Amino acid sequence: MMDVVKLALETDSTRVVSLFIDTTVIHNITHHGNRPEAIADLRAKEEAQFDVLASFLGALAGVKEEGQSLLDRTMCLYGTNMGSANSHSNVNLPVLLAGGGFKHGQHLAFDAKNNYPLTNLYLSMLHRLGIETNEFSTAKGTMAGLEQA
C-alpha cells in the first residue's frame, strides 16, 4: 500500500492521503498488562511497522522534484489515537512528523501534565501549507520547537 501512496504522490494524482493501519491483529497484545513477553511481542510488531514507514520515507527521499526530494515537499504525519493502549489513555499521543520542509532529526518532548493540544501541530502544518489562520480546533498557537528547514 505504501508503494501505491508513493506512486500517487509522485505522479501528482493526489496531494492528500489518509491511511489507516488496521491493528486488529495486535490489539490483544496492546493490552499487555505490563507482562514482559507481551511487551516484547508488541515491540517486535511495532518495530516492523516502523521498518515499513522508514522504507516509505526513504522511497520519498529518493524521488527528486524541482531540486528537492518528494519527502522535502510532503508532510508525513504518523500517529495513533492512544497514548497508552494498555490503559486506553488518549493523553500525550505519540506522533511522528517527517518531511514537509520542517527541521527534523530531533525529538520534542513536552510536559506530560501541562501540555498543549496536539492541534497546535496541525496549526503549524496549516501554516506550512500557506494557510494563515490563528486557530484550528482547540489550538491557539503553533507547536513550540518545530522549525522550518
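Which element gives the largest share of the lining of the second largest pocket? In this predicted model, the answer is strand β4, with three residues. The pocket holds about 750 Å³ of space. Its lining counts 26 residues. Look for L93, V95, L108, F110 and M143, which lie nearest the centre of this pocket. By type, the lining divides into 16 nonpolar, eight polar and two charged residues.

Now follow β4 itself. The strand covers residues 95-99 and pairs with β3. Five bridges join the two strands, and they run antiparallel. Find Y78 in β3. Opposite Y78 stands L96 of β4.

Next, take β3, residues 75-79. In a regular strand, side chains alternate between the two faces of the sheet. Here, C76 and Y78 make up the covered face of β3. M75, L77 and G79 belong to the uncovered face.

Now turn to the aromatic rings. The structure holds three aromatic pairs. One of them joins Y122 and F136. The ring centres of Y122 and F136 are 6.3 Å apart. Their planes meet at 90 degrees, so the pair is edge-to-face; the cut-off for that label is over 60 degrees. The pair links distant parts of the chain, 14 residues apart. Y122 sits in helix α4, residues 119-128, while F136 lies in the segment after α4.

Methods
Residues are numbered from 1 along each chain as its sequence is written. This is a predicted model: local features need pLDDT of at least 70, side-chain atom pairs count only at pLDDT 80 or more; totals for chains, interfaces and linings use all residues. Side-chain values use heavy atoms; hydrogens and water are left out. Buried means under 20% relative accessible area, exposed over 50%, partly exposed in between (1.4 Å probe, protein chains only). Helices (H or I, at least four residues) and strands (E, at least two) are DSSP runs, numbered from the N terminus. Two strands pair if DSSP finds at least two bridges between them. Rings of Phe, Tyr and Trp (its six-membered ring) pair if their centres lie within 6.5 Å; planes under 30 degrees apart count as stacked, over 60 as edge-to-face and the rest as tilted. On a 1 Å grid over the protein atoms alone, a cavity is a set of points where a 1.4 Å probe fits but cannot get out, and a pocket is an open set with protein on both sides within 12 Å along at least five of seven lines; lining residues have an atom within 4 Å of a point. Grid points are joined across faces, edges and corners, and a volume is the space filled by probe spheres set on the points. Ala, Val, Leu, Ile, Met, Phe, Trp, Tyr, Cys and Pro count as nonpolar, Asp, Glu, Lys and Arg as charged, and the others, Gly among them, as polar.
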